[in-house]
Amino acid sequence: MTHGREEHLWIPESDLEGMSVDTLAVRAGQIRTGQLEHSDAIFPTSSFVYGSAAQAAARFGGEEPGNIYSRFTNPTVQAFEARIAAMEGGEKAVATASGMAAILSTCMALLQSGDHVICSRGVFGTTNVLFQKYMARFGVQTTFVSLTDMDEWRSAVRPETRMLFIETPSNPLCEVADLEQLSALAKANDALFVVDNCFCTPVLQRPLEQGADLVIHSATKYLDGQGRCVGGVVVGPARYLDEVYGFLRSAGPTMSPFNAWVFQKGLETLPIRMRAHCDNALELALWLESQPAVERVYYAGLESHPQHALAKKQQSGFGGVLSFELKGGREEAWRFIDSTRMISITANLGDVKTTITHPATTTHGRLSPEDKARAGITENLVRLSVGIEAIDDLKTDLERGFQALKD
Ligand SMILES: *Cc1c(COP(=O)(O)O)cnc(C)c1O
């Protein structure tokens, strides 16, 4: 009698039920070939072959499941999709060429001309452009409202409102939206509630369990976490994801197998990376708050943060992004940034390497002065995406900035 597991070349989905996100990150969605490799194989192929003309016909006709062409499906991409779907607690996931392609595909698949979107004001700059410039051209109007002001959300609702779109916590001021209240508002108005979960990842927040209809990621950020690839993903119930898949199959912004493989491996370390990001960010936020040259620190992990209690309820950690205002203006902020030596000066975030940026002249530079003021993007604001370096080395580097302000 054998006790082998040769029948179980991968873990059956039923075994994954009830497993923690830490386990799902390394075990969900693995496929194994006949080589029984322990790591994940990669399938860099554009198309697939059939055993016969009849089988080709059955695949094309949809009577037999299986791969046809990598714009439709690819085993490496499916492995990544299955893993992130399990981690977010979603029925299905569809991977895309970038985070923006994930947002675009969601809109193209689920909205039509005449529909109305309500979007939080602090979203990623390009998301704002997508809604304001491009979706508007196709007859989809968007109203931008404050992430945290429920009265603004309620009064923005129109009969044709079909989607509420948010990022929480927001970038760079770490405002936190009330998922429960927004989900209730969406349901009451028959609108989709879409959450860009880039900043928390499923390790810290699972919006689908808190009433969201769809979760979107820029996989480019924490999911990879090491700055190697651009990618995105949409997660949610099959009834919406089948539509998103249909758009992708026809329009083509699919994820490449190589990128999917990198993201698949990236997810394995996501839980421990997120904990390290959170620990470092909280410690730095507290330390920055005690610096005489700092006027104010924005981080939901601080008790001084207006939505600290809400963040504690919705999230299992406060994330790796924080920002702070220095005493002074642009001159002081730039001098501070330029005086660091290790921390990377870049607008990217979610990397194991700490990054520093001046939002008013980079990520939010396109906003008009009035929009900047309304969004709270001041000239003395500095944003950090806190990495996983040793906390003392990060403090030493930031100390150079404080020293330069004294000189
Ligand atoms: C970067 C980012 C995006 C866009 O993702 P890309 O992968 O760069 O296309 C969308 N949302 C948020 C919150 C982001 O940080």
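The protein chain exposes about 18,000 Å², and carbon and sulfur atoms supply 52% of this area; accessible areas come from the Shrake-Rupley method with a 1.4 Å probe, and for residues only the protein chains shown count as cover. The model is a predicted one, in which local features need pLDDT of at least 70 and side-chain atom pairs count only at pLDDT 80 or more, while totals for chains, interfaces and linings use all residues. Residues are numbered from 1 along each chain as its sequence is written, and side-chain values use heavy atoms, with hydrogens and water left out.

Of the 407 residues of the protein chain, 54% count as buried (buried means under 20% relative accessible area, exposed over 50%, and partly exposed in between, with a 1.4 Å probe and protein chains only). The chain has 15 helices and twelve strands; these are DSSP runs numbered from the N terminus, with helices (H or I) of at least four residues and strands (E) of at least two.

In soluble globular proteins, nonpolar side chains tend to be buried together. The largest nonpolar core here has 35 residues, and Phe80, Ile84, Met87, Leu223, Val235 and Leu270 have the most contacts inside it. Such a core is a set of buried Ala, Val, Leu, Ile, Met, Phe, Trp, Tyr and Cys residues joined through side-chain atoms within 4.5 Å. Helix α11 gives the largest share of this core, seven residues. Because domain 1 (13–268) and domain 2 (271–406) both give residues to this core, it lies between them; the domain bounds come from an automatic or database domain assignment. Leu270 touches Met87, Thr201, Pro202, Val203, Tyr222 and Leu223, not counting residues up to four places away in sequence, where contact means heavy atoms within 4.5 Å. A second, separate core of 30 residues includes Ala285, Val297, Tyr299 and Leu322.

Charged side chains form a further set of links. A search of the whole structure finds 17 salt bridges, each a side-chain nitrogen of Lys or Arg within 4 Å of a carboxyl oxygen of Asp or Glu. One of them joins Arg121 and Glu152, whose closest N and O atoms are 3.2 Å apart. Arg121 lies in the loop between β2 (116–120) and α6 (125–137) and Glu152 in helix α7 (residues 150–156), so the pair ties together parts that are 31 residues apart in sequence. In another, the side chains of Glu64 and Arg59 meet at 3.0 Å, N to O; Glu64 is partly exposed, whereas Arg59 counts as buried. Asp40, Arg83, Lys265 and Glu268 are linked in a network of salt bridges.
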